[in-house]
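Please take a look at the protein shown here.

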Amino acid sequence: MPSPSPHATVLHAGRRTVLGLLIAAVIPLLLGVAGVAGVVTGRVSAAVVVMVGVGALGVLLAVVAWRQRQRHQKIAADHTGLWVHNGRAMQVIQWESVAGIGVYYTAQAVSLEVVPRGPADDRDPVLRALIRDDEPLAPELPRVRYRISLPQAGWRTLAEAVRRHSEPHPSLLWCGQINYNPVTAALARQRPDRT
């Protein structure tokens, strides 16, 4: 299987999500340990029972964080295209097959929007999960595209690498960084045309 070049810009997209879940599990785990200590020493009260329950929630969070396939999710950009690794498999979206690309960002989320030149590949296990139908990035682009979620930290470096590597392809439209407000977009879709 081909892989990104050694000089590719790589963004490990899943690590921060898993780290956040593990950090969120620490306090419930500590409360659970204190609750178990209360049970072992014979000081059983309503507070101790609650602490054991919260500790069980902490264990659940830790298990969910560890089992997340997303912890291995990577996105890379090089001269060939955009490489997407979902934790189990990798696929490349070659620059020649892209009609347009841009970055949507809000206060809560960032995504790389990749518009394929032809139909989106709904048979590929990696790309199928990324297909979205939304307002076009630009009037000349179709609605269907791949949406790749990016972490809040480090996305600008990847966006710059995507722009730099896609520039040599004149048929690819770089739409830049778009501050996207989903509420405004939904309202615009509901508003009837007044022509």
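His 165 lies in helix H4. Helices (H or I, at least four residues) and strands (E, at least two) are DSSP runs, numbered from the N terminus. The model is predicted: local features need pLDDT of at least 70, side-chain atom pairs count only at pLDDT 80 or more, and totals for chains, interfaces and linings use all residues. Residues are numbered from 1 along each chain as its sequence is written, and side-chain values use heavy atoms, with hydrogens and water left out.

His 165 counts as buried, at 17% relative accessibility. Buried means under 20% relative accessible area, exposed means over 50%, and partly exposed lies in between (1.4 Å probe, protein chains only). Leaving aside neighbours within four places in sequence, His 165 is in contact with Ala 77, Asp 78, His 79 and Trp 95. Contact here means heavy atoms within 4.5 Å.

Glu 160 is partly exposed at 35%. Arg 163 is partly exposed too, at 23%.

## The aromatic pair

The structure holds one aromatic pair. The ring centres of Tyr 105 and Trp 155 are 5.7 Å apart and the planes meet at 25 degrees, so the pair is stacked. Tyr 105 sits in strand E5 (residues 98-105) and Trp 155 in helix H4 (residues 155-166), so the pair links distant parts of the chain, 50 residues apart. For the terms: rings of Phe, Tyr and Trp (its six-membered ring) pair if their centres lie within 6.5 Å; planes under 30 degrees apart count as stacked, over 60 as edge-to-face and the rest as tilted.

Are the two partners buried or partly exposed? Trp 155 is buried, at 4% relative accessibility. Tyr 105 is partly exposed, at 24%.

## Nonpolar cores

A nonpolar core is a set of buried Ala, Val, Leu, Ile, Met, Phe, Trp, Tyr and Cys residues joined through side-chain atoms within 4.5 Å. The largest one has 26 residues. Leu 82, Ile 101, Leu 112, Val 114, Ile 148, Leu 150 and Val 162 touch the most other members. Elements giving two or more residues to this core include strand E2 (74-77), strand E3 (81-85), strand E6 (110-116), helix H3 (125-128) and strand E8 (144-150). H4 gives the most, with five residues.

Leu 150 touches Leu 11, Ile 75, Val 110, Ser 111, Leu 112, Trp 155 and Leu 158, not counting residues up to four places away in sequence. Apart from this core lies another, of six residues, among them Ala 99, Tyr 104, Val 115 and Leu 137.

Two strands pair if DSSP finds at least two bridges between them. E6 and E8 run antiparallel and are joined by five bridges. Val 110 has Leu 150 in E8 as its bridge partner. E7 and E8 also run antiparallel, with three bridges. Here Ile 131 has Tyr 146 in E8 as its bridge partner.

Ser 111 lies in strand E6. At 8% relative accessibility, Ser 111 is buried. The Ser 111 side chain makes a polar contact with the side chain of Glu 113, at 2.5 Å. Such a contact is a pair of N or O atoms within 3.5 Å; within protein, one must be able to donate a hydrogen and the other to accept it, and residues adjacent in sequence count only if both atoms are side-chain atoms. Not counting residues up to four places away in sequence, Ser 111 touches Gly 102, Val 103, Tyr 104, Arg 147, Ile 148, Ser 149 and Leu 150.

## Salt bridges

The structure holds eight salt bridges. Each has a side-chain nitrogen of Lys or Arg within 4 Å of a carboxyl oxygen of Asp or Glu.

| Salt bridge | N to O distance |
|---|---|
| Arg 145 and Asp 134 | 3.9 Å |
| Glu 135 and Arg 143 | 3.4 Å |

Arg 145 lies in strand E8 and Asp 134 in the loop between strand E7 (131-133) and E8, so their bridge ties together parts eleven residues apart in sequence. Arg 145 is buried, at 0% relative accessibility. Asp 134 is buried as well, at 9%. By contrast, Glu 135 is partly exposed, at 26%, and Arg 143 is partly exposed, at 35%. Glu 113, Asp 134, Arg 145 and Arg 147 are linked in a network of salt bridges.
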